[in-house]
Amino acid sequence: MLHFADSLTFSGRKVVAAWAALPFPALSGSSLPDVLSAHQDVPWKLLSSWKEQKVSCCFAQSVVLQGICPEKATRSPLHSCESPEQVLQHYFHTQFPGAFSTSHVLQQPCHTQPPFPQFFSPLLTRRGFLLDKAQGFSSAGVESIPVLAALQSCPGLQGLLSGLCRELRGRRCSGSCTPGLEQDDFQEALEELRTLAQCYHTGFGADGSEDETDSD
């Protein structure tokens with residue numbers, strides 16, 4: 001995982017954010033272009049511990065989709081792509097112009113038989129696709145799901161790292177940090193963390209407004 005994250009980071013950056021759509025919100029029988037065309041924004045949720053839940057730009061990302069059938073028609077630029085990988089590449093080029101992006105598509109879904117946690121909505125088929133109304137069986141009947149997952153290097157990580165820097169500084173001031181840690185070592189680590197946060201600074205936040213730097 002460390003080497004994989006390294007392949008997505010440059011210019012002093014070392015951290016990536018994890019995103020996932022579990023399950024990927026697709027109607028039964030829908031093609032990948034149909035599903036993506038139905039979503040104006042990328043249909044995933046942040047797994048990393050920072051407040052931002054939407055990113056409008058990124059530096060680099062690697063995306064994996066599994067469990068979606070590759071059928072295509074001829075009604076939009078997405079439908080004209082020759083392969084599922086090209087569909088994803090075109091979609092993410094539109095969502096994140098200028099970002100380095102790799103895409104991988106696996107036909108095998110994510111299997112969810114026990115002991116996988118059965119926390120699924122009754123609005124899912126046994127194969128994890130969306131229904132218009134709930135079926136008679138419980139969510140425990142979901143045997144597999146389509147999944148979209150990504151690792152992403154994006155400007156919003158500056159807020160996560162700056163917040164961590166402030167939290168560590170506050171713990172040090174309150175005396176709750178690890179006993180025996182030398183002040184000079186702590187300050188050096190804190191400065192390295194602050195420098196790392198600044199590597200994600202673009203002058204604009206994830207929503208396009210001017211970003212606020214850490215003033216502490």
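Start by selecting Phe-120, which is buried at a relative accessible area of 6% (buried is under 20%, exposed over 50%, partly exposed in between, with a 1.4 Å probe and protein chains only). This is a predicted model, in which local features need pLDDT of at least 70 and side-chain atom pairs pLDDT 80 or more, while totals for chains, interfaces and linings use all residues. Residues are numbered from 1 along each chain as its sequence is written, and side-chain values use heavy atoms, without hydrogens and water.

The whole structure holds eight aromatic pairs (Phe, Tyr and Trp rings, the six-membered one for Trp, with centres within 6.5 Å; stacked means planes under 30 degrees apart, edge-to-face over 60, tilted the rest). The centres of the Phe-116 and Phe-120 rings are 6.0 Å apart and their planes at 10°, so this pair is stacked.

Next, select Trp-19, Trp-44, Tyr-91, Phe-92 and Phe-96, a cluster linked by ring pairs.

Go on to Arg-13. Its charged end sits over the ring of Phe-59, 3.6 Å from the centre (NZ of Lys or CZ of Arg within 6 Å of the ring centre and within 35 degrees of the ring normal).

Finally, show the strands (DSSP runs of E, at least two residues, numbered from the N terminus). Five of them form an open sheet with mixed pairing, in the order 2-1-7-3-4 (paired strands have at least two DSSP bridges between them). Strand 2 (45-46) and strand 4 (100-106) each have a single partner strand, so one side of each lacks a neighbour in the sheet. Strand 1 (residues 17-21) pairs antiparallel with strand 7 (residues 147-153) over five bridges; there, Ala-18 has Leu-151 as its bridge partner.

Definitions and conventions:
Helices (H or I, at least four residues) and strands (E, at least two) are DSSP runs, numbered from the N terminus.
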